[in-house]
Amino acid sequence: MTKEQSLIEHLRRGKKVTRIVAMHEFDLQNLTAAISKLIQKGMNIKKRSKTDSRGTTYTEYYLGRPHNRAAA
């Protein structure tokens, strides 16, 4: 299974991913680029900015509901 496929399965299971998770679990060094590719392929990936207990801001990505392509 490729890194991209592993990331997709992780998201489809309803899990969220951050840069740290991507580096440790999927050996992805550039999560932003990987997410951009998935969005270009039509995946509805959402992001949320969060702040940890030390005040550091980070981005969390998750899979949103599928796009309704029939609506226009």
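## The hairpin

Two strands pair if DSSP finds at least two bridges between them. In this predicted model, strands β1 and β2 run antiparallel and are joined by 7 bridges. Together they form a hairpin with 5 residues between the strands. In the turn, G55 has a positive phi of about 90°.

## The chain as a whole

The protein chain contains 3 helices and 2 strands. Read from the N terminus, the order of these elements is α-α-α-β-β. The C-alpha trace spans about 45 × 30 × 20 Å along its principal axes.

Of the 72 residues in the protein chain, 28% are buried. The accessible surface of the chain comes to about 5,400 Å², and 48% of this area belongs to carbon and sulfur atoms. Among the contacts with a separation of 6 or more, 39% are accounted for by residues 24 or more positions apart.

## Charged side chains

The protein chain carries 15 positive and 6 negative side chains. The centres of these two sets lie 7 Å apart. Side chains of opposite charge can pair when their charged atoms come close. A search of the whole structure finds 5 salt bridges, and several of them are described below.

## A link between a helix and a loop

D27 forms a salt bridge with K3, with the closest N and O atoms 3.5 Å apart. This pair links distant parts of the chain, 24 residues apart: K3 belongs to helix α1 (residues 3-12), while D27 lies in the loop between α2 (19-26) and α3 (31-40).

How accessible are the two partners? D27 has a relative accessibility of 45%, so this residue counts as partly exposed. K3 has a relative accessible area of 41% and is therefore partly exposed.

## Salt bridges of the hairpin region

K50 and E60 also form a salt bridge, in which the closest N and O atoms are 3.8 Å apart. K50 lies in strand β1 (residues 45-51) and E60 in strand β2 (residues 57-63), so that the pair links distant parts of the chain, 10 residues apart. K50 is partly exposed because its relative accessible area is 32%.

A further salt bridge joins the side chains of R54 and D52, at 3.5 Å from N to O. R54 is exposed, with a relative accessible area of 72%, whereas D52 is partly exposed at 23%. Elsewhere, salt bridges that share partners join R48, K50 and E60 into one network.

Key
Residues numbered from 1 in each chain as written. Predicted model: local features only at pLDDT ≥ 70, side-chain atom pairs only at ≥ 80, totals over all residues. Heavy atoms only, no water. Helix = DSSP H or I, 4+ residues; strand = E, 2+ residues; numbered from the N terminus. Buried < 20%, exposed > 50% of the residue type's maximum accessible area, 1.4 Å probe, protein only. Contact = heavy atoms within 4.5 Å. Areas by Shrake-Rupley, 256 points an atom, 1.4 Å probe, with all protein chains shown as cover. Lys, Arg positive; Asp, Glu negative; His and termini not counted. Charge placed at Lys NZ, Arg CZ, Asp CG, Glu CD. Salt bridge = Lys/Arg side-chain N within 4 Å of Asp/Glu carboxyl O.
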